Amino acid sequence: MRRTAQYDKQTQPDWRATLDAFLPSPLRVMAGMLSAADAARVTEIRLRAEQPALIMAGRERVDRFDHMRSGRWIPSGEDVKQFAQTLLGHSMYARAEELRGGYVTLPGGHRAGLCGRVVLEDGKAHHIQDFSSVALRIARPVPGCADAVMPLITDDGKPLNTLVFSAPGCGKTTMLRDVARLHALSGFQVGIVDERSEIAACRHGVPQLDVGPSTDVLDACPKAEGMILMLRVFSPDILITDEIGKSMDAEAIGEASRCGAAVVVSAHAGSMEELMQRPITGVLLRQRSFERYVQLGPGGRLLKAWNGTFGVLFQASDHSVPSDSSDSSEQSYSSDPELPRDSV
Amino acid sequence: MNMTRLAFAGAACAGCAMMGIRMANRLVRREEAIAAWSRLLDALAAQLSYVDDPLPDVLMRSVSADSPGDARLAAVITDAANAMRRDRSLSFAGAMDISRAFIDMDASDAASLLPLIRELGAAARPQQCARLDSARAAMTAMASRAADKTSRQKRLYISLGLLGGLALFMCLMG
């Protein structure tokens with residue numbers, strides 16, 4: 001069952017090849033003008049009606065056009081609508097439910113957020129129409145980002161109940177994805193409850209990002225319900241879910257532990273104190289529901305790890321944060337290479 | 001000389017009769033085309049009310065070749081669905097050869113279907129189903145008018161063609 005979590009550093013596929021069929025021709029030209037290094041840094045493409053199209057790497061623009069409006073592609077409202085419909089596969093009826101969550105998943109795990117006029121039904125947002133802007137977020141999985149964490153969250157290869165926390169945008173989801181992949185590579189049966197389709201980025205039920213060979217994904221399912229369902233149906237060795245925060249989530253985590261499945265979950269919190277103060281995670285911490293706590297910093301950097309009794313297992317020697325604190329979780333991953341393996 | 005005149009008059013008579021038959025046949029083909037569109041819209045409405053598949057797949061499943069009209073429409077729809085699969089930027093309206101799709105129909109028939117064709121796949125499910133329902137209702141009314149017109153005018157066109165041909169024949173021979 002146990003196997004050292006080895007992996008091959010995968011070459012990131014060029015997003016331009018995957019998304020080429022979806023991009024309008026002027027945008028295709030803009031993307032084609034990027035150098036390979038710039039293309040590898042791209043985090044999102046933004047299109048707004050009557051505004052210049054932007055290709056961004058974090059907060060930096062990487063498209064090769066000047067800041068003036070001249071000489072750049074300024075899509076019309078109709079261009080944006082057509083692009084949005086292309087992203088929806090000209091089958092909006094099929095994607096409306098997904099779109100209600102704010103975005104649609106594309107091949108390769110890339111995601112498109114669409115803005116426009118929201119149509120209400122019974123006072124709730126039902127669907128969006130008359131699209132006026134598109135944000136195309138480039139998925140950049142970081143295979144191996146959990147390498148440094150794995151020795152901390154396993155005991156002689158056995159997975160432990162773990163809570164990964166950080167401020168938003170530090171890469172908790174990316175970390176969970178890689179934890180799933182590495183556990184699956186080690187021969188464990190992994191179950192992912194992916195309420196917001198962010199961990200596995202399923203498209204038509206198929207994970208677009210690498211979550212490992214023995215991983216089952218329950219896509220777009222509420223966490224608590226999904227965890228119980230996953231336990232009942234797939235009996236996973238490890239259950240992974242993102243951003244816990246409801247009382248039902250806590251109950252489901254307890255149920256999973258009783259069933260013998262290790263739980264690896266994430267939560268938003270900037271510090272252990274903040275985690276303790278939050279209603280649900282606070283209860284889980286007091287109940288000692290977890291055997292490991294892992295704190296991530298900007299860029300997905302492993303900052304600190306605790307055991308179940310809050311004894312510090314690991315602390316990064318340098319707490320300085322990278323200067324680019326933009327949403328870089330998907331691109332500038334770094335983990336401490338000097339992680340003391342015997343610290344667990 | 002008489003033989004030439006006879007042949008010319010015969011050809012003119014046959015031409016007139018053919019024209020009448022062709023006009024009657026156009027009515028039949030229009031009726032078939034409307035019925036085929038009507039059946040396609042029924043199938044689409046049934047599929048789109050519960051299926052989450054991409055539009056090209058739904059279109060491919062909705063066509064049939066049960067009648068000549070269905071087969072002609074199926075060829076156009078299948079080509080459009082394949083074009084949409086090849087080029088993701090194409091909408092249904094962009095992928096479809098409109099002139100082929102409405103070749104047997106009147107301009108007014110085409111005009112009543114074009115808004116639906118332009119919006120197919122571009123609306124959320126309830127709106128999509130509502131538009132389909134309204135198009136189906138329009139098609140039902142159109143089909144009944146077409147059937148009525150065919151039953152009234154089919155024989156008339158054939159008779160007029162034959163009589164006109166006969167009259168022309170007699171004039172030319174006389």
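In chain B, the axes of helix α1 (residues 2-48) and helix α7 come within 8 Å and cross at roughly 170 degrees. Axes here are lines fitted to C-alpha atoms, for helices over the stretch in contact, and angles run from 0 to 180 degrees between N-to-C directions. That makes α1(B) and α7(B) roughly antiparallel to each other, a label for angles over 145 degrees, while under 35 counts as roughly parallel, 65 to 115 as roughly perpendicular and the rest as oblique. The contact of α1(B) with α7(B) divides into 37 nonpolar, 10 polar and 9 charged residues. Nonpolar means Ala, Val, Leu, Ile, Met, Phe, Trp, Tyr, Cys and Pro, charged means Asp, Glu, Lys and Arg, and the others, Gly among them, are polar.

A word on the ground rules: this is a predicted model, where local features need pLDDT of at least 70, side-chain atom pairs count only at pLDDT 80 or more, and totals for chains, interfaces and linings use all residues. Residues are numbered from 1 along each chain as its sequence is written, and chains are lettered from A and ligands numbered from 1 in the order in which they are written. Helices (H or I, at least four residues) and strands (E, at least two) are DSSP runs, numbered from the N terminus.

Helix α7 (residues 125-173) of chain B also packs with helix α6 (residues 107-119) of chain B, at an angle of about 165 degrees and with the axes 10 Å apart. So α6(B) and α7(B) are roughly antiparallel to each other too. On the α6(B) side the contact uses B:D109, B:S112, B:L113, B:L116 and B:E119, and on the α7(B) side B:R131, B:L132, B:A135, B:A138 and B:M142; being in contact means that C-beta atoms, placed from the backbone, lie within 7 Å. By type, these residues are 6 nonpolar, 1 polar and 3 charged.

Where the two chains meet, chain B gives 16 residues and chain A gives 13. On the chain B side, these are 8 nonpolar, 4 polar and 4 charged.

Now for chain A. An open sheet of 8 strands runs in the order β13-β10-β14-β15-β9-β16-β17-β18, with mixed pairing; strands pair if DSSP finds at least two bridges between them. β13 (215-219) and β18 (312-315) stand at the edges with a single partner strand each, so one side of each has no neighbour in the sheet. From one strand to the next, the twist averages 15 degrees.

Here are some of the pairings in chain A:

| Strands | Sense | Bridges |
|---|---|---|
| β9(A) and β15(A) | parallel | 5 bridges |
| β14(A) and β15(A) | parallel | 4 bridges |
| β10(A) and β14(A) | parallel | 4 bridges |

In β15(A), A:V264 stands opposite A:T162 and also opposite A:I240. Strand β15 (residues 262-268) has 6 of its 7 residues buried, so the rest of the structure largely encloses it. Buried means 20 or more other C-beta atoms within 10 Å of a residue's own, exposed means 12 or fewer, and partly exposed lies in between, with C-beta atoms placed from the backbone. Helix α7 (residues 223-234) of chain A lies across β10, β13 and β14, at about 155 degrees to β10(A).

Finally, A:I199 sits in the loop between β10 (190-194) and β11 (202-203) of chain A. A:I199 counts as buried because it has 28 C-beta neighbours inside 10 Å. Leaving out residues up to four places away in sequence, A:I199 touches several residues, including A:L176, A:I192, A:V211 and A:I240.
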